[in-house]
Amino acid sequence: ANLLKFAGYDVTREFYINDAGNQMDLLGESLRLRYLQALGDPVEMLEKGYRGSAIKDLAQVVIQEFGADQRTADPLWFREYAYRQILEQQKKILKEFHTEFDHWFSEQQLHVGEDDSAIAQGIKILTERGHLYQGTGLAPSAETGEDAKGNATFFRTTNFGDDKDRVVIRSDGRYTYMAADIAYHKNKLDRGYDRLINLLGADHHGYVPRLQAIVQGFGYGPDTLEVIIGQLVKLYRTNGTTGEKEEVRMSKRTGEGITVDNLLYGIDSTEDAIGVDAARWYLLSQSSNSQILFDLDLAVKQSLDNPVYYVQYVHARTCSLERVAQREGIPVPERISFDTDTLPFTEPEERALAMLLLTAPEEFRLAAQERAPQRITRYAETVAQVFNRFYDRCRVLSVIRDQPTLAYARWGLFRATRVVIANSLHLLGISAPEVM
């Protein structure tokens, strides 16, 4: 979204909240049972309930806030309490992770009003357009399971490239997940967006053809919807005993999977906290089409071996020139210009840096066009490397008296590098410190 806005598009960021259906009921009941257990009541946890420590912690929050007053509360109360608490926690973590959304869209609103709900309206339109039909398990493209026992309503997604038609209303009258997808995409299309970009998890490859069918079923072209599938992230860390790199699947402290806030504040302790900048850099430095390999040892280092630290250090170095000039009483120009059309560069390092900086607009354009933020991490790292070679070779303030034209031309390269690296880091949602 940052890249597309920088490229000139009008972008809206939206988070779709899966807050309807059986899983929400299960969440509420899990919290209720953990709450009763914490009060000492002899109740058993559901076999398919949420068993993680987060629900146990949330039960303690209920006790701190209400004591034993909610012992007889309706399960719906626990569902809504868990929903509000978890959603606020998600918003808090994402904000701290520099990932904020303009809208948080609740799936619940698609179900409001039985015959007049957004889901019912979407299905009605697709029916009128001839894309839905009644079928049974005998149909070659029918879904299996309970839908095979009687008539169900199918969407002819095979007309739009899917491998089989999809059930939108089960034989018992209940909507499938796809029915909500129909209503949600219709909602977005009705809001007038020219391009929809869905970001989905690694296990959602099968959703792409059916989502494309929804958009085309409403009469829009196949290019209207773009789906980006994120891949799994593998975390690696050196085993203190063997000295070998090994995959980290769980926190030793909690015995559970690792979450974004673990990266920010520490997996097993605050000593292995990576922080926002390094976490974002490593997650964005590889294509969403490939599995992301994340070296926790390198990410936590504050040294030039760590690429995000290296790039940030170069930004701070570009800012240092003007501080030194002010300290030494050398006038700092508001803008740098030349009386000649020819830049007075004398060294290959100057020309190499100037030519690389001139490619910045094209790099940013391609990163936006290809939905490829990893281009920006690679480019910023290259700029940092080329700048450091220039910095080691070419003096500025020490030659400003004898060679002012050359000195100010080099000063211009400092400023241009600072702008390019700052823009790169800001597009990645990473800070650009002026002092390190």
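**A short tour of a predicted model**

Asp402 counts as exposed, because its relative accessibility is 67% and the cut-off for exposed is over 50%. Hello everyone, and please keep in mind that this is a predicted model. Asp402 sits in the loop that links helix H14, residues 374–393, to helix H15, residues 404–427.

Which residues of H14 are buried? Among them are Ile376, Tyr379, Val383, Phe387 and Phe390, and the buried set also includes Gln374, Arg375 and Asn388. The cover over the buried residues of H14 includes helix H1 (2–6), helix H9 (276–284), helix H11 (307–327), helix H12 (348–358), helix H13 (360–369) and H15.

H13, one of those covering helices, contains Pro361. Is Pro361 buried or exposed? Pro361 counts as exposed, because its relative accessibility is 57%. Pro361 and Val420 are 59 residues apart along the chain, yet their C-alpha atoms are separated by 9.3 Å.

Now for the sheet. Three strands make up an open sheet with mixed pairing, in the order E9-E8-E10. E9 and E10 are the edge strands, each pairing on one side only. From one strand to the next, the twist averages 35 degrees. Helix H9 packs on this sheet and touches E8 and E10, and its direction makes about 145 degrees with that of E10.

Let's take the two pairings in turn. E8, residues 233–238, pairs with E10, residues 292–295, in the parallel sense over four bridges. If you want to find this pairing on screen, look for Val233, which stands opposite Ile292 in E10. On the other pairing, E8 and E9, residues 245–248, run antiparallel and are joined by four bridges. Here Leu235 has Val248 in E9 as its bridge partner, and Tyr236 stands opposite Glu247 in E9. As a reminder, side chains in a regular strand alternate between the two faces of the sheet. The hairpin of E8 and E9 has six residues between the strands, and Gly243 in this hairpin takes a positive phi near 75 degrees.

Finally, the nonpolar cores. How many residues are in the largest nonpolar core? It has 61 residues, and those touching the most other members are Ile274, Trp281, Phe294, Leu296 and Trp411. H15 gives the most to this core, with 10 residues. A second, separate core has 26 residues, including Val168, Met178, Tyr184 and Leu196.

Leaving aside residues up to four places away in sequence, Ile274 touches Leu263, Leu264, Ala279, Phe294, Leu296 and Ala299.

So where did we start? With Asp402, in the loop between H14 and H15.

How values were computed. Residues numbered from 1 in each chain as written. Predicted model: local features only at pLDDT ≥ 70, side-chain atom pairs only at ≥ 80, totals over all residues. Heavy atoms only, no water. Helix = DSSP H or I, 4+ residues; strand = E, 2+ residues; numbered from the N terminus. Buried < 20%, exposed > 50% of the residue type's maximum accessible area, 1.4 Å probe, protein only. Pairing = 2+ DSSP bridges. Contact = heavy atoms within 4.5 Å. Core = buried A, V, L, I, M, F, W, Y, C linked by side-chain atoms within 4.5 Å. Axes fitted to C-alpha atoms, helices over the stretch in contact; angles between N-to-C directions.
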